[in-house]
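I am opening my notebook on a new structure. I will go one residue or element at a time and write down what I look up.

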Amino acid sequence: MPEETLRKAMSYRAKLPASCNDKPPARKVEIDLSSPALAVFELERLLFTGKAINSHADEVWPRLYIGDQLSAESCVELSKHQFTHILNAAHSKHRGQPDMYNSMKITYMGIEAHDSCEFDMSVNFQAAADFIHRALSRGGKVLVHCHVGVSRSATLVLAYLMLKQHLTLVEAICAVKENRGVIPNRGFLRQLIRLDGQLFGPHH
């Protein structure tokens with residue numbers, strides 16, 4: 001039924017930051033995810049229409065931000081946004097957990113992930129989603145970051161929106177790209193496509 005399809009497609013907009021709802025509703029995007037190779041190409045085309053990045057961190061969902069390394073290491077940025085939780089998708093055991101977060105009462109989670117098509121990011125989807133969900137459920141404000149804030153961090157945020165907010169992959173991409181231009185690498189996109197199939201079935 002067309003009305004039901006449209007309702008589902010736009011349901012996520014009610015949960016977006018108020019500034020997003022000032023814009024006219026986006027046209028429903030139809031992408032067939034049943035052919036992974038074609039789906040990756042189509043998702044990349046969709047991602048390339050995202051908002052240009054002009055800040056170190058952007059709110060992509062209420063109280064959930066995607067940012068770069070500087071946004072996570074600058075006391076000015078951290079204080080300005082009043083982050084309570086940080087998820088670092090580019091954690092390195094050689095650097096360890098930043099001590100500065102303890103004094104700022106910021107809860108930290110680090111994931112050692114490489115921005116490589118061969119890296120299996122999907123093993124971190126559930127833990128990252130749980131961390132973000134717990135923080136937001138308690139009224140916290142979360143920064144998910146990597147080095148540049150376009151691939152690793154974006155992948156974990158998209159997985160969170162699918163696992164906890166029940167958005168399809170296309171809906172999650174549409175929600176995020178309106179606020180920050182992101183482009184997960186092709187390996188990560190394939191993993192998100194698999195997650196979409198697991199959550200919503202192959203022909204939702």
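**Ground rules.** This is a predicted model: local features need pLDDT of at least 70, side-chain atom pairs count only at pLDDT 80 or more, and totals for chains, interfaces and linings use all residues. Residues are numbered from 1 along each chain as its sequence is written, and side-chain values use heavy atoms, with hydrogens and water left out.

Entry 1: I began with Gln-82. Its relative accessible area is 60%, so Gln-82 is exposed. My cut-offs: buried is under 20% relative accessible area, exposed is over 50%, and partly exposed is in between (1.4 Å probe, protein chains only). Gln-82 is not a glycine, yet it has a positive phi of about 55°. I found Gln-82 in the loop between H4 and E3. Helices (H or I, at least four residues) and strands (E, at least two) are DSSP runs, numbered from the N terminus.

I then looked up His-166. It has a positive phi of about 60° and is not a glycine either. His-166 sits in the loop between H7 and helix H8 (169-177). His-166 counts as exposed because its relative accessibility is 58%.

**Entry 2: aromatic rings.** How many aromatic pairs does the structure hold? I noted two. Rings of Phe, Tyr and Trp (its six-membered ring) pair if their centres lie within 6.5 Å; planes under 30 degrees apart are stacked, over 60 edge-to-face, and the rest tilted.

The ring centres of Tyr-65 and Phe-83 are 5.1 Å apart and the planes meet at 85°, so I wrote down edge-to-face. Tyr-65 is in strand E2 (residues 64-67), and Phe-83 is in the loop between helix H4 (75-81) and strand E3 (85-88), so the pair ties together parts 18 residues apart in sequence. Both Tyr-65 and Phe-83 are buried.

Tyr-101 and Tyr-108 form a stacked pair, with 5.5 Å from centre to centre and 25° between the planes. Tyr-101 is buried at 2% relative accessibility. Tyr-108 is buried too, at 12%.

**Entry 3: the sheet.** In what order do the five strands stand? I read E1-E2-E5-E3-E4, an open sheet with mixed pairing. Two strands pair if DSSP finds at least two bridges between them. Strand E1 (57-61) and strand E4 (107-110) stand at the edges with a single partner strand each, so one side of each has no neighbour in the sheet. E1 and E2 pair in the antiparallel sense over four bridges. Trp-61 has Leu-64 in E2 as its bridge partner.

Entry 4: UniProt, in an unreviewed entry, places the feature "active site" at Cys-146. UniProt positions are in the numbering used here, feature names are shortened, and annotations may be inferred rather than shown by experiment. Cys-146 is in the loop between strand E5 (142-145) and helix H7 (152-164). Is Cys-146 buried or exposed? It counts as buried, because its relative accessibility is 3%.

Ser-153 lies in helix H7. Ser-153 is buried, with a relative accessible area of 0%.

**Entry 5: cysteines.** I looked for disulfides (pairs of cysteine sulfur atoms within 2.5 Å). The structure holds zero. Cys-117 is partly exposed at 38%, and Cys-174 is buried at 7%.
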